[in-house]
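Here are my notes for you, written as numbered points. Keep the model open beside you as you read.

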Amino acid sequence: MSDLEGRLEAILRAAPTVMEALTLARDLDLPDWLLFSGAVYQPVWNALTGRPPDHGIKDYDLGYFDDRDLSWEAEDEVIRQVARASPPALAGMVEVRNQARVHLWFEDHFGEPYGPLRRSAEALERFASPAFAVGARLEAEGEITILAPFGLEEVFAMRIGPNPTRPAPALAKIVAALRARWPEITMEE
């Protein structure tokens, strides 16, 4: 484990709502699941800036991968299962998506092609910025697995740059929205 992974794990463990989300996902035992994006990097920004752990976190993105049934109905059943099991602190805040079916709707929703994935971790490689491409999973024995295909340097530097493997035309708009909550972040062109 790198120093930054250790720091990230300590920050996540000190964020009660994040730990509730991780525990919820672990206990539901969804296939190939990850808590990712803002639910993981934004607590870091809060720790770095002295804000409360939940400051600015709008939702907790929970991805899982199940290619046995790519129907909306199957995904919706998992969404309802997570909603029923969510503790009060997470009510209505866990956004669940089956990563095996993202390619079916992504282009219509975001206007850019998105090929099928083979596992949840692969989704991280397609996030708009390396700073967003971080995931965590609470294992059965209590360890936290951290996945960050581009590393954690951008997260801890509070710097948002483009994903080197794909264009992100809306990145400036995303950064502007994030700066409303964390004015300290910088954008790399």
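1. Let's start with R119: leaving out residues up to four places away in sequence, R119 touches D32, F65 and E125. Contact here means heavy atoms within 4.5 Å. Before you go on, note that this is a predicted model, where local features need pLDDT of at least 70 and side-chain atom pairs count only at pLDDT 80 or more, while totals for chains, interfaces and linings use all residues. Residues are numbered from 1 along each chain as its sequence is written, and side-chain values use heavy atoms, with hydrogens and water left out.

2. Where does R119 sit? You'll find R119 in the loop between α5 (106-110) and α6 (120-124). Helices (H or I, at least four residues) and strands (E, at least two) are DSSP runs, numbered from the N terminus. With a relative accessible area of 37%, R119 is partly exposed; buried would be under 20% and exposed over 50%, with partly exposed in between (1.4 Å probe, protein chains only).

3. Next, the hairpin. Strand β4 (residues 135-138) and β5 run antiparallel, joined by four bridges; two strands pair if DSSP finds at least two bridges between them. Opposite G135 you'll see L147 of β5. Five residues lie between the strands of this hairpin, and G142 has a positive phi near 100°.

4. Stay with β5 for a moment. In a regular strand the side chains alternate between the two faces of the sheet. For β5 (residues 144-147), I144 and I146 are on the covered face, while T145 and L147 are on the uncovered one.

5. Now helix α8 (residues 171-179): which residues are buried here? They are L171, V175 and L178. Looking down the axis of α8, the buried residues fall within an arc of 60°, so they line one face of the helix. That arc is taken from the directions from the helix axis to the C-beta atoms. The buried residues of α8 pack against α3 (38-49), β6 (159-160) and β7 (186-187).

6. Finally, zoom out. The protein chain has eight helices and seven strands. Its radius of gyration is 16 Å, close to the 16 Å that the globule rule gives for 189 residues, so the chain is as compact as a globular protein of that length. The radius is taken over C-alpha atoms, and the rule is 2.2 Å times the number of residues to the power 0.38. Buried residues make up 47% of the 189.
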